[in-house]
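Subject: Structure for you to look at

Hello,

Here is the structure I promised to pass on. Please open it beside this message, and read the notes below with it on screen.

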Amino acid sequence: MTSTSEKTALKSEKTVLKSVSASFKDEKKMREVVERLIDRSVPKDHISIIGRDFHTETRISGFVTKQDVILDGLATGAIFGSLFGSILALLTGVGVLFIPFLGTVVAAGPLGAALLGAAGGALYGSLGAGIGSALIAMGMPEDKATIYQTRLETGEFLLVAEVPQEQADEVVSLLESAGAEEVAITDMKIPRQPEGELADSEQISPEIRANLSDDAQKTFVDTHNRSFREANGKDNALAKAWDRVKQMFDRDEQGTYSKSKVIS
């Protein structure tokens, strides 16, 4: 007999998710939309926001938890001004990174983690060409990604909500009624981090695994699991695993990390 939790999991696996994206010029309106999305049962870990920080030239990168901001505030050097101030309490975390052509960017939600390379190692190369290339790498149409990059460069905000296909039109109407612009439904997929230790290389995110040889995959899994155990799951084991691969291997002609480095 199938349990309730198993039925929920099966239903979740069958649900087709779409990414509804839009740009906002006004931070207050964007905050109100996030609140309305959550009221309509869109999970907070399915909502992402990106915005530029104009207050610093520091090339800082890192993932900051809500607790970090509450306890340390601006002293952390990671969250600046009022950007996402009250929205942070609604979402799962904030990623802070430096992106060419944009400068320091604050990204809340799963997109922040993906851009930092924790879940989408393949995005590292894309980010070198700007945020638009990273969005394209995740499946956003090129024309729409280019528009969002341009708007982010001028100081606007990007919001992405991952919702069931049957809810997408409703979310589009909500965004448009709130003054959002360039609203679109796309097949963009934001890569996620697996939880816990990795049983084998098959559990490595496909976006990462495609760029690793068999030996590099083994290094990735071993480093991830060791980091996870040593930090009791509180550290970013995926980011450490990806960094270790880059220390140990060079890319080959196909762009795959397969050529072992001579470590002195």
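**Salt bridges**

Lys246 and Asp243 both sit in helix 11 (residues 237-248), 3 residues apart, so about one helical turn separates them. Helices (H or I, at least four residues) and strands (E, at least two) are DSSP runs, numbered from the N terminus. The model is predicted: local features need pLDDT of at least 70 and side-chain atom pairs pLDDT 80 or more, while totals for chains, interfaces and linings use all residues. Residues are numbered from 1 along each chain as its sequence is written, and side-chain values use heavy atoms, leaving out hydrogens and water.

Side chains of opposite charge can pair when their charged atoms come close. Lys246 and Asp243 form a salt bridge at 3.9 Å, N to O (a side-chain nitrogen of Lys or Arg within 4 Å of a carboxyl oxygen of Asp or Glu). Lys246 is partly exposed at 27% relative accessible area, and Asp243 is partly exposed at 33% (buried is under 20%, exposed over 50%, partly exposed in between; 1.4 Å probe, protein chains only).

How many salt bridges does a search of the whole structure find? The search finds 11. One of them joins Glu182 and Lys144 at 2.9 Å, N to O. Glu182 is in strand 7 (residues 181-186) and Lys144 in helix 7 (residues 142-153), so this pair ties together parts 38 residues apart in sequence. Lys144 is buried at 15%, whereas Glu182 is partly exposed at 26%. Both belong to a network of salt bridges that also links Lys25, Arg151, Glu156 and Glu181.

Regards
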